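Hi,

Here is the structure I promised to pass on to you. Please open it alongside this email, and my notes on it follow below.

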Amino acid sequence: MSGPVVVGVDGSRSSLAVVEVAAQQAERLGVGLELMQAIGWPSADAPSAVPSWDAVRTGALAEAERRAHSAAPGVRISREVLVGEPGNLLAAESDRASLTVVGSNGTRGHGTLGDDSLAGRLSARASGPLLVVRGRPNPAGPVLLAVHGMSTLREAAEFAFAEASLRGADLVAVHLRLLVATRPYGGSGTAVAEDDEDFALAETLSELGKPYPDVNLSCRRPHGRSRRALVEASGDSQLLVVGVRGRSRFGGGLLDPVGRTALREADCPVALVRC
């Protein structure tokens, strides 16, 4: 996509850190960065997105723009001030964005991200990829791909391969199921699948990896509590990519246990890719 990276700005110190991450991501993607500030509307019957240039203090946006320029000097930056609920506005903006970026509003640990948080709401409503900034990423670590079903694999893997290539990082696919052995995928080597699902995974990853010969791909099959292994692996990674199923017509939360675990406990930023 050629749309901008969109990031919400509220003036807090944590949101400025998120802006820096968003600027660096826009630089990697070669797209613009849009700083969006939401101003609350006093009436519940008010429109969901109305520009209000005279109702906003521009200090937060000015500081956010300064931080973005510092983090990624070459990125084209635009500002947008809208009136409405931040989750509604960012969800609407995600339709045209290459990526929507928000903070987690929590620290690492179980239960720190509730469904009523901005990131929690957007995880079910954003139509495009969503990056939730959290944890302490290792800039020299790999990009991590959570493999938890073939229905969410393709789009998530394509995103993960592209990110690994842009970052000059390895890609590690963590196959979340109980298996007996661990073998590498990718490169010039040949992997022998132990069952039909492994074979399908190997074929799919091999095909999706062809446009990215620079990416070194490996696969892990954790024993025991596989979601716990995913969280532990995130502690040495720079990004965790998780595929999520399409939105419900009822607009309810749709994250499966893997997505919830990633958003609540991962120790690095989490990219949710709609499949």
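One definition before the tour: helices (H or I, at least four residues) and strands (E, at least two) are DSSP runs, numbered from the N terminus. Please keep in mind that this is a predicted model.

With that naming, Ala 140 sits in the loop that links strand E6 (130-133) to strand E7 (143-147). Its relative accessibility is 73%, so Ala 140 counts as exposed. Arg 167 lies 27 residues from Ala 140 in sequence, and their C-alpha atoms are 9.4 Å apart in space.

Now for the overall picture. The protein has eight helices and eleven strands. Of its 275 residues, 49% are buried. If you take the contacts between residues at least 6 apart in sequence, 80% of them join residues at least 24 apart.

Two helix pairs may interest you. On the H1 side, the residues involved are Leu 16, Ala 17, Val 19, Glu 20, Ala 23, Gln 24 and Glu 27. They meet Glu 63, Ala 64, Arg 67, Ala 68 and Ala 71 in H2. Sorted by class, this contact of H1 with H2 has seven nonpolar, one polar and four charged residues.

Val 19 deserves a look of its own. This residue belongs to helix H1, and it counts as buried because its relative accessibility is 0%. Leaving aside neighbours within four places in sequence, Val 19 is in contact with Val 7, Val 9, Leu 35, Ala 64 and Ala 68. Ala 64 and Ala 68 are among the H2 residues that H1 meets. For Val 19 and Ala 68, the separation along the chain is 49 residues, while their C-alpha atoms are separated by 6.1 Å.

The second pair is helix H3 (residues 86-93) with helix H4 (residues 118-125). Their axes come within 10 Å and cross at roughly 40°, and H3 passes H4 in a right-handed crossing. H3 contributes Pro 86, Gly 87, Asn 88, Leu 90 and Ala 91 to the contact, and H4 contributes Leu 118, Arg 121, Leu 122 and Arg 125. By class, that gives five nonpolar, two polar and two charged residues in the contact of H3 with H4.

Thr 261 has a relative accessible area of 10%, so it is buried. Not counting residues up to four places away in sequence, Thr 261 touches Arg 227, Val 231 and Ala 266.

Last, a word on cysteines. How many disulfides does the structure hold? The count is zero. As for individual cysteines, Cys 219 counts as buried because its relative accessibility is 3%. Cys 275, with a relative accessible area of 25%, is partly exposed.

That is my tour; do write back with any thoughts.

Best wishes

Terms used: Residues numbered from 1 in each chain as written. Predicted model: local features only at pLDDT ≥ 70, side-chain atom pairs only at ≥ 80, totals over all residues. Heavy atoms only, no water. Contact = heavy atoms within 4.5 Å. Nonpolar A, V, L, I, M, F, W, Y, C, P; charged D, E, K, R; others polar. Buried < 20%, exposed > 50% of the residue type's maximum accessible area, 1.4 Å probe, protein only. Disulfide = S-S within 2.5 Å. Axes fitted to C-alpha atoms, helices over the stretch in contact; angles between N-to-C directions. Left-handed = near helix turned anticlockwise from the far one by under 90°.
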